[in-house]
Each structure stands twice: as C-alpha cells, then as structure tokens.
Amino acid sequence: MKTINLAVVGVTGMVGRTFLKVLEERKLPIDNFYVFASKRSAGSTITFEGKDYTVLELTETSFSEHQIDIALFSAGGATSLKFAPIAAASGCIVIDNSSTWRMDPEVPLVVPEVNPQDILTHKGIIANPNCSTIQAVVALSPLHKAYSINRVVYTTFQAVSGAGRGGCVDLSDGLAGKEPTKFPHPIAGNCLPHIDVFLDNGYTKEEMKMVQETRKILHAPQLKITATAVRVPVFNSHSESINVEFNNPFELEELVEVLKQAPGVIVQDDTANNIYPLALNANDNDEVFVGRIRRDESSDNGINMWVVADNIRKGAATNAVQIAQWIIANA
C-alpha cells in the first residue's frame with residue numbers, strides 16, 4: 001500500500017486531538033507525520049503512536065517544504081480560508097473541518113457512507129460537513145434511495161462540545177453555580193434554541209447549514225427541509241429528532257431493515273426493553289445510532305426517528321479520516 005506524508009493542522013484543539021486518536025486506531029499508512037498549530041502553540045509536544053512530535057507553526061511554506069500529501073484541517077475558518085488554497089497549490093489534498101468551503105460549488109462536501117464518489121471531483125480541497133448534518137445524512141441517505149424523500153424536519157439537541165472547550169467549561173462551571181462565558185445564557189439546567197448567529201430569515205446559521213448541506217450531499221437541491229437547532233446540557237454527542245416525509249409508500253418493517261443494512265448505521269429500537277439511542281452510549285463511537293422509528297400518523301408517507309452520534313468523532317474527526325482512507329485506497 002502506498003504510504004503518505006500526512007499533517008494535522010490545528011492539532012491542539014478538541015477535534016485536532018481526536019484526529020490523533022482516530023488516526024492511531026485506523027492505522028493509516030503514514031510515512032512522515034507533521035502537526036501544525038498557531039504560533040502560540042508552536043514548540044509544544046504531542047505524542048502520536050508512541051512517538052513525540054514538536055508542534056510546528058503553520059506558515060505559507062509548510063506544505064511545500066514537507067511535501068505533504070494529505071492535511072486534516074481543524075483550525076478555524078480564517079486559517080482554512082488562507083492556508084487551504086496554499087496547501088492545494090503545493091499538491092496537498094486538504095480535508096477541511098471548518099464551514100469555509102462547504103458550500104463552494106467547486107469543493108465536494110463528503111460523508112463517505114453517503115457520497116464517496118464526490119471525492120473524485122476535488123481540486124485540492126474537500127469539505128467535512130457540519131457535525132449535525134453528518135449524522136443526519138448517514139441515516140437519511142439509504143431512505144432517500146429507497147423511498148425518495150419529499151420533506152425533512154430537523155430538531156437537534158446538540159452537546160456543548162460542539163461549541164469547543166468553552167462550551168464544556170460553561171456547562172462544568174454552570175453546574176458549580178458560575179456564570180457562563182461562552183453562551184449568552186446559562187446552559188446548566190437549560191436549553192438554548194440558539195446555535196451560531198441569527199440570520200435575517202429568523203433561522204440561525206447552524207440551522208441553515210443543515211438545510212443547505214443536506215441538499216448538497218444528497219444531490220437534492222430542491223429538497224424541502226426545515227430545522228431548529230438547540231444546545232442542551234450534555235457534554236458530548238448530538239441527538240436529533242428527524243421527521244421525514246417520503247414521496248413513495250413504505251412498509252415500516254422493510255424501512256427498518258433498510259436502515260439496518262446501511263453503512264455506518266446501528267439500529268437500536270426495542271422500546272419494550274427501553275432500548276433506543278442515547279448520547280452517553282454514542283460517546284467514543286464512530287457509528288450513527290438510530291431508533292424510535294415509527295410512522296408519522298399525521299402523514300401518509302412519513303416517519304419519525306431519533307438519531308444520535310458522537311459529534312467530535314463521526315461529526316468531525318472520524319469523517320475526515322474516513323475521507324483520507326478513501327483517497328489512499330483509491331489513489
């Protein structure tokens with residue numbers, strides 16, 4: 001198997017650290033490994049596969065100097081905007097976790113279980129979708145292929161880790177009776193229907209990300225979608241209530257079987273024994289867990305389902321590493 005020179009950009013962040021863990025688990029054929037961060041973090045040391053690496057400052061010559069083949073970016077939108085094109089121009093393939101490139105028509109937006117073929121259209125940059133979108137489309141894609149989706153209603157219950165370390169600190173501090181510094185209101189014992197900034201249409205940016213990204217990933221630009229995104233006092237793993245209306249009729253048992261056979265999906269749906277997806281159980285897993293699958297009795301061809309996944313792993317780090325694996329396997 002071909003070996004590669006691989007870099008992680010933004011290695012000291014929450015997703016960056018998880019990149020390291022997932023890369024160790026999946027054992028990519030890495031020849032030379034590099035870790036980059038801002039000038040502030042440069043010079044510190046991280047351990048990867050039992051070896052210590054010095055964190056390097058990201059510069060405009062980093063990619064050409066080290067002949068990097070694939071770079072996993074999770075260093076924020078401004079860094080991606082500046083350095084992803086520089087990396088791509090040097091022959092490096094960037095897999096970017098920020099929102100900067102997701103809706104660029106020239107940049108594929110990829111979930112490997114759903115649209116791996118889109119990787120082939122890249123021009124040096126591949127976008128990792130929003131965490132809440134990733135887990136949703138892993139569950140929706142097989143159903144769209146089987147029954148043709150007409151409309152989707154998302155209601156998300158998103159963990160504080162989705163807001164980075166600051167979100168986790170706010171929840172920990174709030175449980176200790178301290179005031180928030182990350183969120184506009186206390187998150188401990190509370191739910192905030194406010195993720196990212198509010199837009200002119202009354203939706204938040206997070207909600208519109210889900211709408212637009214789902215359409216792009218599923219190649220369904222006219223798909224009817226609406227969303228409400230809520231931050232909840234859970235440390236990790238996002239939960240989503242998804243209402244789906246299909247164009248075609250279905251048998252519920254058959255639909256559940258479609259989900260059971262879908263890549264990356266684990267069905268947990270035994271309500272008689274209180275078995276359904278839980279955020280606590282999704283932690284540190286790469287699969288998307290689906291349960292509470294039932295007909296929407298207000299719609300002829302509708303269902304409701306409950307979808308849960310680790311937003312830092314499958315919702316960010318693992319999805320990016322899976323893209324890298326696909327590139328290596330199909331190079």
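1. In this predicted model, the axes of helix α4 (residues 131–147) and α6 come within 10 Å and cross at roughly 40 degrees, where axes are lines fitted to C-alpha atoms, for helices over the stretch in contact, and angles run from 0 to 180 degrees between N-to-C directions. The two helices, α4 and α6, are therefore oblique to each other; angles under 35 degrees count as roughly parallel, over 145 as roughly antiparallel, 65 to 115 as roughly perpendicular and the rest as oblique. The crossing of α4 past α6 is right-handed, a term used if the near helix is turned clockwise from the far one by less than a right angle, with anticlockwise giving left-handed. Helices (H or I, at least four residues) are DSSP runs, numbered from the N terminus.

2. On the α4 side, the contact with α6 is made by S132, T133, A136, V137, S141 and H144, and on the α6 side by E206, K209, M210, E213, T214, I217 and L218, contact meaning heavy atoms within 4.5 Å. Five of the residues in this contact are nonpolar, five polar and three charged, with Ala, Val, Leu, Ile, Met, Phe, Trp, Tyr, Cys and Pro counted as nonpolar, Asp, Glu, Lys and Arg as charged, and the others, Gly among them, as polar.

3. On the basis and limits of the model: residues are numbered from 1 along each chain as its sequence is written, and side-chain values use heavy atoms, with hydrogens and water left out. As the model is predicted, local features need pLDDT of at least 70 and side-chain atom pairs count only at pLDDT 80 or more, whereas totals for chains, interfaces and linings use all residues.

4. Helix α9 packs against α4 at an angle of about 85 degrees, with the axes 8 Å apart, which makes α4 roughly perpendicular to α9. From α4 the contact takes C131, I134 and V138, and from α9 it takes K314, G315, A316 and N319; by class these are four nonpolar, two polar and one charged.

5. Helix α9 also packs with α1, at an angle of about 50 degrees and with axes 9 Å apart, so that α1 is oblique to α9. The crossing of α1 past α9 is right-handed, and residues V15, T18, F19, K21, V22, L23, E25 and R26 in α1 meet R313, A316, A317, T318, A320, V321, Q322 and Q325 in α9. This contact has eight nonpolar, four polar and four charged residues.

6. The largest pocket holds about 1,200 Å³ of space, and of the 47 residues that line it, S74, G76, G162, A163 and G164 are the closest to its centre. On a 1 Å grid over the protein atoms alone, a pocket is an open set of points where a 1.4 Å probe fits, with protein on both sides within 12 Å along at least five of seven lines, and lining residues have an atom within 4 Å of a point. Grid points are joined across faces, edges and corners, and a volume is the space filled by probe spheres set on the points. At least two lining residues come from each of α1 (14–26), α3 (77–89), α6 (205–218) and α9 (313–329).
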